[in-house]
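Trainee: Could we go through this structure together? I would like to begin with the overall fold and then turn to particular contacts.

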Amino acid sequence: MTTAVARATPTMTVAAGDPAQDPETGGLSGLVLQLIDALGEWGVALMLFIETVFPPIPSEVILPLAGFLAGAGRMDLVLVLVLATLGSWLGALVLYWLGAVIGFERTTRWLGKLPLVDEDDFRKAADWFHRHGKSAVFFGRFVPVVRSLISLPAGADRMHLGTFSVFTIIASGIWNGALVLLGAAFGTQYDRVEQYTEWIDRALYVVIAVVVVTFVVRRVRRARRSRRVGADPAGD
């Protein structure tokens, strides 16, 4: 992959061709574009692996921007699709293994200490799995939050690894493919990238704000419930 990252400034050229005529991007989406462009296709796999276990940057951000670079001729589209799905599957295997070896409760308590991770999300994923059975591993990949965490109860319940892998790979491939191809369609119109990334930045800031506020509110409510239980252990 040809990489042309402007390291001296916070902006970056994203399209192939005459550098003097290429648009530049800044903001959060520009930083993510720089990271993806610097790491290449294997970097997309690494980011999807990390996102599956602990989502600092969600796939809804990573994949369209990777597709954008592929559509602009900066990365191989097929390789992005294959490696993104590989990263998702390997990340899912980590959570599957933690559930199978360490157990659901211990893993939930451990991962629940990570920033912006709430134990209730793990329990919601477990409820989804227990309600829908093995099919939850497939359909859960299309549901926010559940998509990343469904592997943990699947491992704890010792779901057949082959079945788990097939469902995970197919569903992740569909999800990843849709987001990458969406970004690739925009990549063919790179002359309008500034318009797109401005909108993306606004959406990202809103999403980040909602996630942080939701996390804080849930933690405050949980602390209040714990105090009430401690103050009235008999439930009177």
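Predicted model: local features only at pLDDT ≥ 70, side-chain atom pairs only at ≥ 80, totals over all residues.

Trainee: How many helices and strands does the chain have?

Mentor: The secondary structure comprises 10 helices and two strands. Along the sequence the order is β-β-α-α-α-α-α-α-α-α-α-α.

Trainee: And what share of the residues is buried?

Mentor: Of the 236 residues, 42% count as buried. The chain exposes about 12,300 Å², and carbon and sulfur atoms supply 66% of that area. Among contacts with a separation of 6 or more, 73% are between residues 24 or more positions apart.

Trainee: Let us look at H5. What span should its 14 residues have?

Mentor: Helix H5 covers residues 119–132, and at 1.5 Å a residue it should span 20 Å.

Trainee: Which residues of H5 are buried?

Mentor: They are Glu119, Asp121, Phe122, Ala125, Ala126 and Phe129. These residues cover an arc of only 160° around the axis, so they lie on the same side of H5. Lys124 and Arg131, on the other side of H5, are exposed.

Trainee: Why would residues a few places apart point the same way?

Mentor: An α-helix has 3.6 residues a turn, so residues three or four places apart point the same way.

Trainee: What happens just after H5?

Mentor: Gly133 follows, with a positive phi of about 70°.

Trainee: Changing topic: how many salt bridges are there?

Mentor: The structure holds two. In one of them, Arg74 pairs with Asp37, with the closest N and O atoms 2.9 Å apart. This pair links distant parts of the chain, as Arg74 is in the loop between helices H2 and H3, while Asp37 is in helix H1, 37 residues apart.

Trainee: Are those two partners buried or exposed?

Mentor: Arg74 counts as buried because its relative accessibility is 7%, under the 20% cut-off. Asp37 is buried as well, with a relative accessible area of 0%.

Trainee: And which side chains form the other bridge?

Mentor: Glu105 and Arg123 meet at 3.2 Å, N to O. Glu105 belongs to helix H4 and Arg123 to helix H5, 18 residues apart. Glu105 is partly exposed, at 39% relative accessibility, and Arg123 is partly exposed, at 29%.

Trainee: Now the rings. How many aromatic pairs are counted?

Mentor: The count comes to four aromatic pairs. One of them is Tyr96 with Phe164, a tilted pair with 4.7 Å between centres and 35° between the planes. Tyr96 sits in helix H3 and Phe164 in helix H9, 68 residues apart. Both Tyr96 and Phe164 are buried.

Trainee: What is the geometry of Phe138 and Phe142?

Mentor: Phe138 and Phe142 are edge-to-face, 5.7 Å centre to centre with 65° between the planes. Phe138 is buried at 18% relative accessible area, whereas Phe142 is partly exposed at 28%. Ring pairs also join Phe138, Phe139, Phe142 and Phe167 into a cluster.

Trainee: Last one: which residues does Leu179 touch?

Mentor: Leaving out residues up to four places away in sequence, Leu179 touches Ser59, Glu60, Leu63 and Pro64. Leu179 lies in helix H9 and counts as buried at 13% relative accessibility. Leu179 and Phe68 are 111 residues apart in sequence, yet 9.9 Å apart in space, C-alpha to C-alpha.

Conventions:
Residues numbered from 1 in each chain as written. Heavy atoms only, no water. Phe/Tyr/Trp six-rings, centres within 6.5 Å; stacked < 30°, edge-to-face > 60°. Helix = DSSP H or I, 4+ residues; strand = E, 2+ residues; numbered from the N terminus. Buried < 20%, exposed > 50% of the residue type's maximum accessible area, 1.4 Å probe, protein only. Contact = heavy atoms within 4.5 Å. Expected span 1.5 Å × (residues − 1). Arc of directions from axis to C-beta. Areas by Shrake-Rupley, 256 points an atom, 1.4 Å probe, with all protein chains shown as cover. Salt bridge = Lys/Arg side-chain N within 4 Å of Asp/Glu carboxyl O.
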